[in-house]
Amino acid sequence: MALQRRLLFQARPIHLLTKHNSTQLRLRSLLLQRRWLSVTTTIQQRQKTSSSSSSDSSVITPRNGLLDPFFNDQQKVIPQYPRKTAEDVASLKMPPTRTRMLSRDFIDDCLYNPNYGYFSKQAVIFSPEMDFDFTELQDHLEFMNLLGKMYKDIEGEIDEVDEVARQVWHTPTELFKPWYGYAVAKYMVSEYKLNLYPHKDLIIYEMGAGNGTLMMNILDYIRKYEPSVYKRTQYNIIEISGKLAERQSESQDVRDVTEQHTCVKIINKSIFDWDIHVPDECFFLGMEVIDNFAHDVIRYDLETLQPYQALVSIDDKGDYSELYESVGSDALISRYLATRKQTRYRSPILSRQLWHKLLQLMPLGPNMTQPEFIPTKLFLFLETLKRHFPNHRLILSDFSELPDAVEGVDGPVVQTRYRGTMVPCSTYMVQPGWFDIFFPTNFELLREMYLLVCRGTRAGSDKSVKVLTHRDFCERYGDIERTTTRSGENPMLMYYENMKFLIT
Ligand SMILES: C[S@@+](CC[C@H](N)C(=O)[O-])C[C@H]1O[C@@H](n2cnc3c(N)ncnc32)[C@H](O)[C@@H]1O
């Protein structure tokens, strides 16, 4: 069963969304804006026409086919606005206008801008108050029903208490606690004992720790089952969200002093701002964090197959246009593509040669291929690991596939929830802060990129860098008996079949 973590339920107090507007007015005004309308139409309707032009010659506008001119009735000149990065606009209180940004900077700003970004709207990660006793449940349906009830209660509570829109997520860490954390702990301890014990400490870094549940479960496991290892354990959290960092320390505070883990250090910063060298051998964890790492968009010229990188142009009204320029001016995109060239990966887009030839024969046919979303920030993360954590062992888990994604290779899911209904979009160019934008990860490609960046070796036979399915990992390290229901069904194995692990 494939699950998406996000927004299974979202509580949005209708009357209190902004200071000046009611939610209804706000949503209506959004619906009336072209940029919102565009998200409900197809990508062909959305993108700009062949007749659109830009006032500078270094960029081209994609033409998607014969029908473009009928959906875009005016010749539109796209002015040459100043180019900015997500960092340049981080201090703005409102999303930028009259600006151009690389698509990854645009997405980064939508998600992480400290003032209006999606994450600053105080995302809440669902955490059931009690751990489930799976052996007492009849089957996975009973588990689902129980979850549904708990969500409803949470929605109600949040409606009463909070003054802002809240997104409630659910993750395997939370749904299967403490068993999921125990499985990760069992894997780490067995590897640690094999390679480092008793000479070195067990040092763990977790980025993006959410409520702190995984940390608590991992440390509880080690204290209970491996007391001699526990004495030598250090646990560090790297968390971008101030609110969640606070929550992570509170998860300790509510416990009796004797139950608290004193080996924990919480560092409130983004992994992309990390600047401390950690020469120790350590485990580095990231569970459901990399899916929000911003991507760039590239398309290839149909005739020459040269890659072009996308820019989002935002006009004075806040409407978006997508433009393309030759790859080369952005060092990160160039590094990513050069490294990817050394792997066995070939973009599925480039294998459609016959189809591209046919398209070129069409009058007023498209001038570019379909888009490809490339994980440039994930690549930057690998470079960060290599530079600052040279002796790490990585444990990453995330979505390998996502339904209802934006068109293109590895396209994201872009969605929000309004009045109990999911609003999915067909573009990533949406009103910043209102939408979750999250990407699937090609774990097989990630493995090859990891080997090149962090191990300096070509892809292939290195057996110590593995991709496992969620099920494989849980079967190997999880407590199957304690997570099986009376009917014999095991929700921890059945759910999240669209998730994978990279372990190194
Ligand atoms: C979907 S939650 C997952 C939380 C937890 N790992 C779990 O599985 O329940 C994503 C977490 O990553 C954090 N995060 C996102 N981007 C980050 C970054 N660049 N650096 C550090 N933390 C980040 C978020 O604040 C949040 O805590």
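This is a predicted model: local features need pLDDT of at least 70, side-chain atom pairs count only at pLDDT 80 or more; totals for chains, interfaces and linings use all residues.
**Exercise 1. At what angle do helix α14 and helix α15 pack, and how far apart are their axes?**

*Solution.* 
- Start by finding the two elements: α14 covers residues 376-388, and α15 covers residues 443-454.
- Next, compare the axes. They lie 9 Å apart, at an angle of about 35°.
- Then look at the handedness: α14 and α15 cross in a right-handed way.
- Now list who takes part. From α14 come F379, L382, E383, L385 and K386, and from α15 come M449, Y450, V453 and C454.
- Finally, sort these residues by class: seven are nonpolar, two are charged and none is polar.

**Exercise 2. Decide how α8 and α9 are oriented to each other, and describe their contact.**

*Solution.* 
- Locate the helices first: residues 179-195 form α8, while residues 213-225 form α9.
- Their axes approach within 8 Å and cross at roughly 55°.
- As for handedness, the crossing of α8 with α9 is right-handed.
- On the α8 side, the contact uses G181, Y182, V184, A185 and V189; on the α9 side, T213, L214, N217, I218, Y221 and I222.
- By class, this contact holds eight nonpolar residues and three polar ones, with no charged residue.

**Exercise 3. Is Y205 buried or exposed?**

*Solution.* 
- Count its neighbours: a residue is buried when 20 or more other C-beta atoms lie within 10 Å of its own. Y205 has 24 C-beta neighbours inside 10 Å, so Y205 counts as buried.
- Setting aside neighbours within four places in sequence, the contacts of Y205 are N236, I238, C282, F284 and L285.
- For a distance check, take Q234: it is 29 residues from Y205 in sequence, and the C-alpha atoms of the two are 8.5 Å apart.

**Exercise 4. How many residues surround the ligand, and which are the closest?**

*Solution.* 
- The shell around the ligand has 23 residues.
- The closest are T171, G208, G210, I240 and S241.
- Divided by class, the shell contains 13 nonpolar, seven polar and three charged residues.

**Exercise 5. Step back and summarise the whole protein.**

*Solution.* 
- Count the elements: the protein has 17 helices and 21 strands.
- Consider burial: 42% of its 504 residues count as buried.
- Last, take the contacts between residues at least 6 apart in sequence: 73% of these join residues at least 24 apart.

Key. Residues are numbered from 1 along each chain as its sequence is written. A residue is near a molecule or strand if its C-beta atom, placed from the backbone, lies within 6 Å of it. Ala, Val, Leu, Ile, Met, Phe, Trp, Tyr, Cys and Pro count as nonpolar, Asp, Glu, Lys and Arg as charged, and the others, Gly among them, as polar. Axes are lines fitted to C-alpha atoms, for helices over the stretch in contact, and angles run from 0 to 180 degrees between N-to-C directions. Helices (H or I, at least four residues) and strands (E, at least two) are DSSP runs, numbered from the N terminus. A crossing is left-handed if the near helix is turned anticlockwise from the far one by less than a right angle, and right-handed if clockwise. Two residues are in contact if their C-beta atoms, placed from the backbone, lie within 7 Å. A residue is buried if 20 or more other C-beta atoms lie within 10 Å of its own, exposed if 12 or fewer, and partly exposed in between; C-beta atoms are placed from the backbone.
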